[in-house]
Amino acid sequence: MVALSVFGPNCPSFSIDVSSTPHWRGISSCCCLFRPSSSSSSSMEFPPEGYRRNVGICLFNPSGKIFAASRLNRPEVWEMPQGGVNEGEDFTTAAKRELTEETGVVSAEIIAELPYWLTYDFSPETSIKLSKHWGVRYKGQTQKWFLMKFTGKEEEINLLGDGTERQEFGEWLWMSIEQIMNQTADVRKPVYAQVMKEFGNFILGNECDDVSFKQSETQLVS
């Protein structure tokens, strides 16, 4: 299984047990906003120091496939939407904003939120490069992940986003869990593995056994 920690750029092969009991907090079907419980963990309230606060969005469709897009600057790398949290912004608002900014999607229901942080490190070169853009040098990013269900029509998806930010992605696909794990950057694979471990049963309709993924070359199926 995947042990959570501050992950470096190298990641060994691993397995994801999606049949285990998830730790996410569900959201009532009558409300799309997460309401934190009084038992919120300290890991949720206090992210690790030196890391940029970030939200990640695992958007799935009724067929149990997950939205992923290829980066403009690295078209071989496919990712789920993510982005930084603005000063004073709550995580739910940030997740919905980032999804719209990067994909144009507004028709999405928030199903669940992980109650803990997932963290990955930047390489020294990446940290220096990004510090010129952000004005602050971070060790990496620490993320709160949301599971969202796409409720709109595919014509809504527009990688130009809502026009407020520069375009980050070139193409998009609905992918299987295995495709995403094999096509994303190595630095993100441990985080993605934990996200899939927690959300996988829900995405797949709670009808799955243990699923193993390895870092291998897998062709995309559109």
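Buried residues (under 20% relative accessible area with a 1.4 Å probe, protein chains only) make up 50% of the 222 residues in the protein. This is a predicted model, in which local features need pLDDT of at least 70 and side-chain atom pairs count only at pLDDT 80 or more, while totals for chains, interfaces and linings use all residues. Residues are numbered from 1 along each chain as its sequence is written, and side-chain values use heavy atoms, with hydrogens and water left out.

Of its contacts (heavy atoms within 4.5 Å) with a separation of 6 or more, 78% join residues 24 or more positions apart.

Next, select Glu89, in the loop between β7 (82-84) and α2 (91-103). Glu89 is buried, with a relative accessible area of 14%. Show the side chain of Arg97 as well: the side chain of Glu89 makes a polar contact with it at 2.8 Å (a pair of N or O atoms within 3.5 Å, one able to donate a hydrogen and the other to accept it; residues adjacent in sequence count only if both atoms are side-chain atoms). Beyond its neighbours within four places in sequence, Glu89 is in contact with Gly84, Ala94 and Arg97.

Then move to α5, where 14 of the 15 residues are buried, so this helix is largely enclosed by the rest of the structure.

Definitions and conventions
Helix = DSSP H or I, 4+ residues; strand = E, 2+ residues; numbered from the N terminus.
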